[in-house]
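Subject: Structure for your review

Dear colleague,

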Amino acid sequence: MGSVEVELGLVALAAMLSPTTLTFSVLALVLGDRPLRTGLWFYLGAFTATIAIGVIAAFAIGGAAHSPTSTPKTWVSIVDVAAGAVLLGYIARAMRRPADPRRTAAMVERMSTLASSPVLAIVAAGATLANPGGFIPLALKEISQLNPSAGAYCLYWLVFTVIALAPLGVALVAMALAPGWTRGVLSAARAWLERHARAIAAVILLALAVALLRNGIAGLTA
């Protein structure tokens, strides 16, 4: 496995463990009287929006970031260094800042309202709240560096999307099979996430930042 594949895997894991996405995903399944309905449409919105971006990129971007030599393109190395630096700054800022209970309360209020909303509103909320967000550009770049065909690009993107949305996807399957048990576990997970999600995400983000900086600096100095 090359450095690009490692970076792509770290990007997918970072997207999967994003505290904001995890919290919204859990809230979608623990609030309201029909959690499976809310969670399913929420997931569908996030999945569809994310897949659409990848399919468009497969034809619009393709292998633009690929280098015919072992040395990455200069602009790719610059992007890697810049992204790594931004991630390090974000980690330092996030770990110094205590959790804001007002933000959590606002998220709960928003998702409580969503639980009784029409299907279209739930799908739209999933597309905007549960997608991989800022990790999408990095994932697009990593896949482009592999110089895949359009079909291979879509396949890579499908795998990335499934991993990024895995917590919500797995929870939905568990909810369908054992709703009572799953809802209890998710309610407990909500409190756990509020205490530990940022620390876990910081570890993955740190590994991603180091990989980006190492590869970017190596490309610029080669």
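**Aromatic pairs**

Tyr-43 and Phe-47 lie 4 residues apart in helix 3 (residues 35-60), so about one helical turn separates them. Please note that the model is a predicted one.

The search of the whole structure gave 2 aromatic pairs. In the pair of Tyr-43 and Phe-47, the ring centres are 5.9 Å apart and the planes meet at 20°; because planes under 30 degrees apart count as stacked, this pair is stacked. Tyr-43 is buried, at 18% relative accessibility, whereas Phe-47 is partly exposed, at 23%.

The rings of Trp-157 and Phe-160 have centres 4.8 Å apart and planes at 40°, so this pair is tilted. Both residues belong to helix 8, 3 residues apart, which again is about one helical turn. Trp-157 is buried, with a relative accessible area of 1%, and Phe-160 is buried as well, at 2%.

**Surface patch**

Helix 8 (residues 150-164) also gives the most to a nonpolar patch, with 5 residues. The patch is on the surface and consists of Leu-13, Leu-155, Leu-158, Val-159, Val-162 and Ile-163, which together have about 450 Å² of accessible area. Val-159, in helix 8, is partly exposed at 43% relative accessibility.

**Helix 7**

Helix 7 (residues 135-145) is mostly covered, with 10 of its 11 residues buried; among them are Phe-135, Leu-138 and Lys-141. After helix 7 comes Asn-147, with a positive phi near 55°.

Yours sincerely,

A colleague

Definitions and conventions: Residues are numbered from 1 along each chain as its sequence is written. This is a predicted model: local features need pLDDT of at least 70, side-chain atom pairs count only at pLDDT 80 or more; totals for chains, interfaces and linings use all residues. Side-chain values use heavy atoms; hydrogens and water are left out. Buried means under 20% relative accessible area, exposed over 50%, partly exposed in between (1.4 Å probe, protein chains only). Helices (H or I, at least four residues) and strands (E, at least two) are DSSP runs, numbered from the N terminus. Patches are made of residues with over 30% relative accessible area and no salt bridge: like charges are joined within 9 Å, nonpolar side chains (Val, Leu, Ile, Met, Phe, Trp, Tyr) within 5 Å. Accessible areas come from the Shrake-Rupley method with a 1.4 Å probe; for residues, only the protein chains shown count as cover. A salt bridge is a side-chain nitrogen of Lys or Arg within 4 Å of a carboxyl oxygen of Asp or Glu. Rings of Phe, Tyr and Trp (its six-membered ring) pair if their centres lie within 6.5 Å; planes under 30 degrees apart count as stacked, over 60 as edge-to-face and the rest as tilted.
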